[in-house]
Amino acid sequence: MRTAIWQYLTDNCQRVKTWKQPYIAEATTPKPYGVVSFLGDAPALSNAMGAFDEVRVWIYDEPGDLVSTDAAINEVKHLLDGQLLTTGSGIGFSPEWLNTSRDFYDDALQALTKYVTFRVPKLRIWAENENSTGDGDDDGNNDEEE
Amino acid sequence: MPGAEEASRRIFERRHRMIAALIALAQNAGSQLEAAGKRPASSGGAPWTDRTGHARQGLFHDVVFVDDQIRLRYAHTVEYGVQLEQGHSGKYAELEPRVKEHAPEFLAQAERIVKSR
C-alpha cells in the first residue's frame with residue numbers, strides 16, 4: 001500500500017516532485033517535498049468485519065508561502081480521495097479523505113507544513129493476514145528531541 | 001397516565017447510572033493513557049528522549065461532562081508540545097498514537113455499558 005501511494009503521487013502530483021519516507025528529511029532538504037506516513041490500523045466501530053488503515057501525507061514548503069502549500073495539499077487531497085489503487089500483491093484499495101491539518105511551522109525542519117489524512121477501508125481478515133502497508137520501513141529510531 | 005411517573009423516574013435513574021459508568025470508564029482510560037505516556041521511552045512510553053523531563057511529567061488527562069458530552073482529554077502542558085506532536089512528520093508524537101492504541105478497547109467497553117444498562 002505504501003509503495004502504491006508513493007508511486008501514484010510521484011507519477012501524478014504536479015506541485016510536489018520529491019516524495020520521501022518519514023523521518024529522513026533534514027532542515028537542509030530542498031523544498032517542497034512530501035512525506036507519506038502510516039498511522040496504523042483500527043477496527044471499524046460496531047462492525048465485526050471492517051477496519052481502516054490511516055495514511056497521512058505531509059507537505060513541506062519554504063517559509064512564507066502557505067498559498068503554494070495549500071495548493072499542494074488540495075492537489076494531494078483530490079489525487080488520492082476515492083482513487084482506486086492496487087498493492088503489489090494485487091489487492092485493490094481506495095483512500096478516503098478524512099481531514100486536513102492546520103498550518104504548522106516545523107522548527108526542526110525549518111519548513112511550513114500541513115498534512116492531509118486519509119483512511120483506507122479494508123476487511124479485518126486482511127488486516128490480520130497481510131502486511132497491508134507493504135513494508136516496515138519506519139526507521140524506529142528513538143533519538144533526540146524534547 | 002398510571003405508571004408514567006414511575007417509568008419516568010426509572011429512565012432518569014438509568015440515564016444517570018449510564019453516565020456515571022461512562023465517566024468512570026473515561027477516568028480509568030485517562031489514567032491508563034497518562035501512565036503509559038509517562039513510562040520511559042525504552043518501556044513504551046512517549047517516544048522522545050528526555051532532556052529536562054518536563055514534557056514527560058507534564059502529560060496529563062482529565063474528564064469533564066459538559067453539554068451532555070463526556071470529554072476525555074489527554075494533553076501536554078509544555079509549550080513545545082505541539083512541536084513534539086507535529087514536528088518531523090510526527091516522529092515524536094505521543095498523544096494521537098496513544099489514543100488510537102487505546103480507543104478500540106475503550107469504545108468496546110463503552111458500547112457494552114450503553115447496551116447493558
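User: How many salt bridges are there between chain B and chain A?
Analyst: This is a predicted model. In it, the count between chain B and chain A is 2 salt bridges. In one of them, the side chains of R56(A) and E96(B) meet, with 2.9 Å from N to O.

User: Which helices of chain B supply at least two residues each to the side that touches chain A?
Analyst: They are α2 (54–58), α3 (81–86) and α4 (95–116) of chain B. Of the elements on that side, α4(B) gives the most, with 5 residues. By residue class, the side of chain B that touches chain A divides into 10 nonpolar, 10 polar and 6 charged residues.

User: What area do chain B and chain A bury between them?
Analyst: They bury about 2,300 Å², and 46% of it is on carbon and sulfur atoms. In chain B, the residues that lose the most area to chain A are Q86(B), H88(B) and S89(B), which together account for 30% of what that side buries. The contact takes 26 residues from chain B and 25 residues from chain A.

User: Changing topic: which residues have the most contacts inside the largest nonpolar core?
Analyst: I5(A), L9(A), W19(A), V57(A), V76(A) and L80(A) do, in a core of 23 residues. Two or more residues come from each of α1 (2–12), β2 (33–43), β3 (50–61), α2 and β8 (111–123) of chain A. Of these, α2(A) gives the most, with 5 residues.

User: What does W19(A) touch, leaving out residues up to four places away in sequence?
Analyst: On that basis W19(A) touches W6(A), L9(A), T10(A), C13(A), G34(A), V35(A), V36(A), V57(A), I59(A) and V76(A). A second, separate core has 10 residues, including L33(B), A55(B), L84(B) and Y92(B).

User: Back to chain A. Is T69(A) buried or exposed?
Analyst: T69(A) has a relative accessible area of 0%, so it counts as buried, the cut-off being under 20%. T69(A) lies in helix α2 (residues 66–80) of chain A.

User: Which side chain does the side chain of T69(A) make a polar contact with?
Analyst: The partner is the side chain of D61(A), at 3.2 Å. Not counting residues up to four places away in sequence, T69(A) touches D61(A) along with I59(A), L112(A) and K114(A).

Conventions. Residues numbered from 1 in each chain as written. Chains lettered and ligands numbered in written order. Predicted model: local features only at pLDDT ≥ 70, side-chain atom pairs only at ≥ 80, totals over all residues. Heavy atoms only, no water. Contact = heavy atoms within 4.5 Å. Buried area = accessible area lost by both parts, 1.4 Å probe. Salt bridge = Lys/Arg side-chain N within 4 Å of Asp/Glu carboxyl O. Helix = DSSP H or I, 4+ residues; strand = E, 2+ residues; numbered from the N terminus. Nonpolar A, V, L, I, M, F, W, Y, C, P; charged D, E, K, R; others polar. Buried < 20%, exposed > 50% of the residue type's maximum accessible area, 1.4 Å probe, protein only. Polar contact = N/O pair within 3.5 Å; in protein donor to acceptor, adjacent residues only side chain to side chain. Core = buried A, V, L, I, M, F, W, Y, C linked by side-chain atoms within 4.5 Å.
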